[in-house]
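Open the model in your viewer and keep the selection tool at hand. This tour goes from one stop to the next.

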Amino acid sequence: MTKPQTSKILTGDVSVKIARIEGASCTLVISSPPYNIGKEYEPERRSLDEYHDWQRGVIKAVLPKLTEDGSICWQVGNYVSGGEFLPLDVLFIDIFRELGLRLRNRIIWRYNFGLHADKRFSGRYEMVLWATKSDDYKFNLHPVCVPQTYPGKRHSARKGEKAGIPSGNPLGKNPSDYWEFSAENDFLVNPVWEIPNVKASHPEKTEHPCQFPVELAERCILSMTLPGDLVLDPFVGTGSSLIAAQKHGRRGVGIERDASYVKIARARLDRLRKGELPLRPSGRPIRVPFPGEKVSTISTEWVVRRQQTAKAS
Ligand SMILES: C[S@@+](CC[C@H](N)C(=O)[O-])C[C@H]1O[C@@H](n2cnc3c(N)ncnc32)[C@H](O)[C@@H]1O
């Protein structure tokens, strides 16, 4: 059955369109801004200082839109220039603090694939900075709890009255600030969240070069908002955060200046309403090739190369 549309997207520059959002109306602002690394959607290459000031201006303009009990989640990666590397959260932690936000977590989002570096170790994680406007903020752990590692564990005899009583939380365990979602590890052995990044084989992949997975936004939305709350993404791209919001009965508003991404985002939201949008089911394990499968067999060229390298080193 087709569900009602609970999201809208404003096409245009965030510095202009932000004025259209009502004050103190959003419980969560979640976004992944451009990283200033020359992607096709960022033709203006800024100096690091200019980038800092621009992003500071955006966050300052967004804050009055947050409710007093609201949160902001800024998903950022790394800025690389001339081979030199800066994890962008370093800039944003300063901006958040200067603007009076209270930092709650620096979440590590680890993924399995990405660019291969040859003059440093290949990067395999990005960050989500979570801050709140006040100390009285919405946070509900239960919808995002993961199963206990040892659900049968009980308090020891030394615990007096509690001795013999199950020691964990029956509703599950805090998923921690390290997000790596693998159902195999997650639900059986070691409960951590592993969310793969959105590469060509990912069911959510569109033409956009830098989507984040819907699952990533889902975790923030489920824990930091309630059904009916409004979620804002000021750099909404293909609408991943609005899809997560709508999927869980929240309202969403996004801003995006590239009309072609807005078109994709609206089409995805429409497909979601009709129950036709391909999404990676939460908690699905990353596929591991079978032994003997072509991709898991070392090629003959590599065997020779490895022998040569072993001799040389
Ligand atoms: C990292 S992408 C966000 C991708 C998004 N999270 C998704 O999953 O599709 C950043 C987006 O910000 C948009 N953008 C860049 N500068 C903007 C501006 N000044 N105002 C509004 N949108 C802008 C880009 O077109 C791009 O789609």
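A salt bridge is a side-chain nitrogen of Lys or Arg within 4 Å of a carboxyl oxygen of Asp or Glu. This is a predicted model: local features need pLDDT of at least 70, side-chain atom pairs count only at pLDDT 80 or more, and totals for chains, interfaces and linings use all residues. Residues are numbered from 1 along each chain as its sequence is written, and side-chain values use heavy atoms, leaving out hydrogens and water.

Select Glu-215 and Arg-219. Their side chains meet in a salt bridge (3.5 Å, N to O). Both sit in helix H5, four residues apart, so about one helical turn separates them. (Helices, H or I of at least four residues, and strands, E of at least two, are DSSP runs numbered from the N terminus.) Buried or exposed, what is Glu-215? Glu-215 is buried, at 2% relative accessibility. Buried means under 20% relative accessible area, exposed over 50%, partly exposed in between (1.4 Å probe, protein chains only). Arg-219 is buried too, at 8%.

Next, select Lys-138 and Asp-229. They form a salt bridge, with the closest N and O atoms 2.9 Å apart. Lys-138 lies in the loop between E7 and strand E8 (178-181), and Asp-229 in the loop between H5 (214-224) and E10, so the pair ties together parts 91 residues apart in sequence. Lys-138 is partly exposed at 22%; Asp-229 is buried at 13%.

Now select Glu-44 and Arg-257. This salt bridge also has its closest N and O atoms 2.9 Å apart. It links distant parts of the chain, 213 residues apart.
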